[in-house]
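Please look through the notes below with the model open beside you. They run from the overall fold to single contacts.

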Amino acid sequence: MSATAENPAASATATATSTTLTPATATAVEERVTARVISDDPLYRKVPVALRFAEAEPLAVRIVFPADLSPEGTDNEWVLPRALLEAGLQAPTGTGDVRVWPCGRVQAVVEFHSPEGVAVVQFDSVALRRFLRRTYAAPVTR
């Protein structure tokens with residue numbers, strides 16, 4: 001997974017971005033979850049993931065993967081529209097670098113596209129819904 005920039009408020013597409021949090025984008029909500037990287041291997045790999053929401057970017061959420069998954073050895077952060085993540089819990093959505101869809105009754109899949117390839121990651125839907133509820137409860141700086 002690699003990083004390129006995009007406006008996270010854009011429609012139902014998303015792209016990765018590599019950023020450093022500044023006081024203006026300080027994290028208002030962070031949820032630590034365990035996700036599963038899906039591959040051809042019959043055994044999936046569990047990875048710790050941070051879901052983040054910053055008050056200064058009320059339309060965006062961030063999914064941060066640990067450095068050991070990145071060829072560069074740095075945290076890999078994807079910024080996507082909060083609405084994309086929310087809609088993807090109900091029905092397949094997304095046409096850009098990030099696509100989201102429900103997988104059964106209790107899981108959701110997030111597919112990340114980059115020049116290096118595609119990563120398919122499965123999350124527990126309840127964890128994503130809990131995170132989204134917390135983002136809507138967080139105060140928003142305007």
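1. Burial first. A residue is buried under 20% relative accessible area, exposed over 50% and partly exposed in between, with a 1.4 Å probe and protein chains only. Of the 142 residues of the protein chain, 44% are buried on that scale.

2. Ground rules. This is a predicted model: local features need pLDDT of at least 70, side-chain atom pairs count only at pLDDT 80 or more, and totals for chains, interfaces and linings use all residues. Numbering starts from 1 along each chain as its sequence is written, and side-chain values use heavy atoms, with hydrogens and water left out.

3. Confidence. pLDDT is the predictor's confidence in each residue, from 0 to 100. The protein chain averages 81, and 80% of the residues score at least 70. Over residues 1-24 the pLDDT is below 50. Beyond near neighbours in sequence, this stretch still has 66 contacts in the model; a contact means heavy atoms within 4.5 Å.

4. Fold. Helices (H or I, at least four residues) and strands (E, at least two) are DSSP runs, numbered from the N terminus. The protein chain has two helices and eight strands. Their order along the sequence is β-β-β-β-β-α-β-β-β-α. Among contacts in the protein chain with a separation of 6 or more, 44% join residues 24 or more positions apart.

5. Helix 2, geometry. What span should the 13 residues of helix 2 have? The expected span is 1.5 Å times one less than the number of residues. For residues 125-137 that gives 18 Å, and the end C-alpha atoms are 18 Å apart, which agrees.

6. Helix 2, faces. Ser 125, Ala 127, Leu 128, Phe 131, Leu 132 and Thr 135 are buried. Seen down the axis of helix 2, the buried residues fall within an arc of 165°, so they line one face. The arc is that of the directions from the helix axis to the C-beta atoms. Why can such a face form? An α-helix has 3.6 residues a turn, so residues three or four places apart point the same way. Exposed Val 126, Arg 133 and Ala 137 sit on the face of helix 2 turned away from its buried side.

7. Helix 2, packing. Its buried residues pack against several elements, including strand 2 (27-38), strand 3 (45-54), helix 1 (82-88) and strand 8 (117-124).

8. Aromatic pairs. Rings of Phe, Tyr and Trp (its six-membered ring) pair if their centres lie within 6.5 Å; planes under 30 degrees apart are stacked, over 60 edge-to-face, the rest tilted. The count is two pairs. Phe 65 and Phe 112 are edge-to-face, at 5.3 Å centre to centre and 90° between the planes. Phe 65 lies in strand 4 and Phe 112 in strand 7, so this pair ties together parts 47 residues apart in sequence. Trp 78 and Phe 112 have ring centres 4.8 Å apart and planes at 55°, so that pair is tilted. Trp 78 belongs to strand 5 (residues 76-81), 34 residues from Phe 112.

9. Aromatic cluster. Phe 65, Trp 78 and Phe 112 form one cluster. Phe 65 and Phe 112 are both buried, and Trp 78 is buried too.

10. Charge over a ring. The rule requires NZ of Lys or CZ of Arg within 6 Å of the ring centre and within 35 degrees of the ring normal. Arg 82 lies over the face of Tyr 136, at 3.9 Å from the ring centre.

11. Val 109. This residue is in strand 7. At 6% relative accessibility, Val 109 counts as buried. Leaving aside neighbours within four places in sequence, its contacts include Arg 99, Trp 101, Cys 103 and Val 121. Val 109 and Phe 123 are 14 residues apart in sequence and 6.2 Å apart C-alpha to C-alpha.
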